[in-house]
Amino acid sequence: MLDRFVELEDSIRGTLGLLDNPPQGLTSEQWVISKQLIQVLRPFEEATTAVSGSKYMTASIIQIIAQGLKNVCELMTQKLFSLPVQNVLQKLISGMSHRDRWGTIELSKTLIQCTFLDPRFKDVSLSTSLKQSTKNDIVELTASIISASRVPNNAVREEIESIPQEHESDSNRISIWDSTDSKVAQVQPMGTVTSRALVEVQRYLEEAIQNRNSDPLKWWFENKHNHPYLSQLARNMLCALGTSVPCERVFSKAGQVLSDRRSSLSSKKVQMLLFLNYNE
């Protein structure tokens with residue numbers, strides 16, 4: 001609203017000048033303050049729009065946007081704003097430094113892990129200590145997926161019966177498989193589930209960081225064969241929402257769809273109206 005008001009400055013001043021008894025308008029100093037406030041508040045508008053999206057991932061960008069807002073506000077303190085605007089800027093910086101507000105964002109493991117699993121950011125924005133702890137958490141989660149996906153040997157033997165088995169129990173019988181079986185028995189699996197998870201996570205970190213405007217979900221789909229278990233973790237975690245805005249939109253739309261005049265709609269019909277056409 002303030003942006004539109006300043007955009008119409010010439011029209012507003014010209015209209016007020018034509019009126020016989022015009023209302024009191026803004027002074028020249030107040031117009032300057034309004035323009036400076038727009039500069040200060042525009043990054044917050046951009047951040048709010050970005051985290052309120054419903055057609056792309058939002059949880060992974062919360063950490064990036066939070067840090068970006070801090071950096072922008074610190075840069076704006078070096079500009080020669082008027083005193084009222086400087087006070088507003090200091091209030092914003094003080095609010096972002098408040099642990100009960102911004103602290104919950106910076107210390108959220110879910111948001112940090114989502115950022116780590118986003119191929120556009122990975123661990124670039126994380127501190128040194130946070131990089132290692134987050135990497136360890138991701139390795140542990142990936143190892144649990146690897147462990148859960150293992151099929152017991154007995155089940156494998158039951159499912160795979162491609163080679164005929166011997167049924168005779170003669171201890172003196174010499175089989176063509178004896179030498180191979182003895183070698184296989186001495187070979188142990190290379191590495192534990194943790195080491196396998198660590199290799200996969202490290203391979204992911206060594207991949208090139210993607211463009212900020214690219215689709216991270218498409219990247220994971222195209223590279224799921226290179227990172228089979230980490231891609232499963234990404235699919236489970238990156239669906240998290242950064243804000244409650246999409247949910248509130250659904251509630252608002254439900255209030256418009258299911259009104260007093262449409263109270264006879266079945267639950268199935270309401271679900272179709274709300275969710276099948278939600279992206280339109």
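A residue counts as buried when its relative accessible area is under 20%. Keep that cut-off in mind as we walk through the aromatic residues of this predicted model. W31 has a relative accessibility of 3%, so it counts as buried.

Follow the chain and you will see that the pair links distant parts of it: F5 belongs to helix α1 (residues 2-7) and W31 to helix α3 (residues 28-51), 26 residues apart. While W31 is buried, F5 is partly exposed, at a relative accessible area of 32%.

Now turn to F116 and Y204. Their ring centres are 6.3 Å apart and their planes meet at 50°, so here the pair is tilted. Because F116 lies in helix α7 (residues 109-116) and Y204 in helix α11 (residues 193-205), the pair ties together parts that are 88 residues apart in sequence. Both F116 and Y204 are buried.

What cluster do F116 and Y204 form with W219 and W220? Together, these four residues make one aromatic cluster. While you have Y204 in view, look at the face of its ring as well: K122 lies over it, at 4.8 Å from the ring centre. Y204 thus brings several features into one view: a tilted pairing with F116, a place in the aromatic cluster and K122 over its face.

How values were computed:
Residues are numbered from 1 along each chain as its sequence is written. This is a predicted model: local features need pLDDT of at least 70, side-chain atom pairs count only at pLDDT 80 or more; totals for chains, interfaces and linings use all residues. Side-chain values use heavy atoms; hydrogens and water are left out. Helices (H or I, at least four residues) and strands (E, at least two) are DSSP runs, numbered from the N terminus. Buried means under 20% relative accessible area, exposed over 50%, partly exposed in between (1.4 Å probe, protein chains only). Rings of Phe, Tyr and Trp (its six-membered ring) pair if their centres lie within 6.5 Å; planes under 30 degrees apart count as stacked, over 60 as edge-to-face and the rest as tilted. A charge sits over a ring if NZ of Lys or CZ of Arg is within 6 Å of the ring centre and within 35 degrees of the ring normal.
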